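This report covers the interface and the pockets of the structure shown below.

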Amino acid sequence: MTDLNIPQSNSSPAIRASWADGVVTMKGDSYPENSFELFQPLIDWVDSYLKTAGRALHSELELLYLNTSSIRALMDVLDMLEGAHVGGGRVSARWSYDSANERVGDLAEEFKEDCTFPFEIVATGDRR
Amino acid sequence: MSEGPDLDLRVEAILADPAAKDNPMRPVLEELYARHSTLQRLVDRLTRISDQFQRAERDRGLSYAENYQRKVRQIERIVRISDRYQSMLRDTNERLQLISTHDELTTLPNRRFMQERINQEISQVERNGGSFVLALADIDHFKDINDTYGHAMGDRVLAGVARNLKQSLREYDVCGRWGGEEFLFLFPGCGAEEMSALADRIQHCLKSADPRDADSPRVTMSVGVTEFRRGETMDETLKRADEALYRAKSAGRDRAVVA
């Protein structure tokens, strides 16, 4: 499986997935015209990695604004990680947010709610 | 059928008994018992298969219900998270709106807001008649305050003056920070005859002490006041107010000039 490297745009986050490192990174805002088109490659990649790589998968999230369909896509990805975790796979996630924007941290908590795998939420930067 | 096994045992006992060997009923009983046993096995198998089908159907129903519940739960979460993102955006929007129209230090409307507001007032007066007055007020010797006490004190004085000016306003009056230490007033519905009184009010409000400014240096203001004349542009009215302010400064400051 090849790595994913989708560059960040005004309306979509940077999405990177490294097969060798077992790391998925998503960073930025997400309100794309067609979220299916944007996220399907990632969903396919994660699915394939979890089924065939036989190694741990870590996901680094640094997302700010998500529109409704992006929320759904991210939830699907997290559900896949949860499924892998319940099946004995090693998965983890870390969501970093700017401490000046506390509400993003609250939203990360909402996403974490149904996840039983290690899911860290970290405030970064100095509070001004 | 509680007598079932018992009956089976009794029949089997008779069939196995050597004493019954020559009984003419024995072959008939044997045949009947064999048929009974076959039917019994058939009924047992049918029951078992039927039970399995029923269980499979029940499991399928349960998994549909479970799936449905999970989807409902997911949709509820998506809606909740989406609502929160939306309210986050709305708040950001409100904050940007405020920042783009207000001055951070004094919390007064900024120059852009005042320009828009004055243009609205001009259209209003041109359309419906009436009048309005503009006053440009500038803190006297403000540079000395900055030079003597530092910029932090300068900022405090500006914030204190803004607070006092705000208190002097009536409901429809607007006061904005026009420039560094310059404030612009818009008095809708006022005319030439009220200009002196308005200027007095601006100057007077600085003289009533606010306990929060106790350790700040006292300041005075020079004021230029003018009435909008129909047909002219905002810049023309402002230029007249500015010239009046300049005359107030030249005449020794801490005074108002009406133009």
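## Charged pairs across the interface

In this predicted model, seven salt bridges are found across the interface of chain A and chain B. The side chains of B:Arg77 and A:Asp114 form a salt bridge, with an N to O distance of 3.3 Å. Polar contacts across the interface of chain A and chain B come to eleven residue pairs, counted with both residues at pLDDT 80 or more.

On the side of chain A that touches chain B, three elements supply at least two residues each: strand E4 (57-66), helix H2 (68-86) and helix H3 (102-112). H3(A) gives the largest share of that side, seven residues. Sorted by class, the side of chain A that touches chain B holds nine charged, nine nonpolar and one polar residue.

## Extent of the contact

The size of an interface is often given as the accessible area lost when the parts come together. Here chain A and chain B bury about 1,700 Å² between them, and 53% of this lies on carbon and sulfur atoms. In chain A, the residues that lose the most area to chain B are A:Arg103, A:Leu107 and A:Glu110, which together make up 34% of what that side buries. The contact involves 19 residues from chain A and 14 residues from chain B.

## The largest pocket

The volume of the largest pocket is about 330 Å³. Its lining has 13 residues, and those nearest the pocket centre are A:Asn101, A:Val104, B:Met88, B:Thr92 and B:Arg95.

Both chains contribute to this lining: E4 and H3 of chain A and helix H2 (26-101) of chain B each supply at least two residues. H2(B) provides the largest share, five residues. By class, the lining of the largest pocket comprises six nonpolar, five charged and two polar residues.

## The second largest pocket

The second largest pocket holds about 270 Å³ of space. From chain A, the residues lining the second largest pocket are A:Met75, A:Asp79, A:Glu82 and A:Asp114. From chain B they are B:Arg70, B:Lys71, B:Arg73, B:Gln74 and B:Arg77. A:Asp114 and B:Arg77 in this lining are also the partners in the salt bridge at 3.3 Å.

H2 of chain A and H2 of chain B each supply at least two residues of this lining, and H2(B) gives the most, five residues. The lining of the second largest pocket has seven charged residues, one polar and one nonpolar.

Technical notes: Residues numbered from 1 in each chain as written. Chains lettered and ligands numbered in written order. Predicted model: local features only at pLDDT ≥ 70, side-chain atom pairs only at ≥ 80, totals over all residues. Heavy atoms only, no water. Contact = heavy atoms within 4.5 Å. Buried area = accessible area lost by both parts, 1.4 Å probe. Salt bridge = Lys/Arg side-chain N within 4 Å of Asp/Glu carboxyl O. Polar contact = N/O pair within 3.5 Å; in protein donor to acceptor, adjacent residues only side chain to side chain. Helix = DSSP H or I, 4+ residues; strand = E, 2+ residues; numbered from the N terminus. Nonpolar A, V, L, I, M, F, W, Y, C, P; charged D, E, K, R; others polar. 1 Å grid on protein atoms, 1.4 Å probe; cavity = no way out; pocket = protein on both sides within 12 Å on 5 of 7 lines; lining within 4 Å. Points joined across faces, edges and corners; volume = space filled by probe spheres on them.
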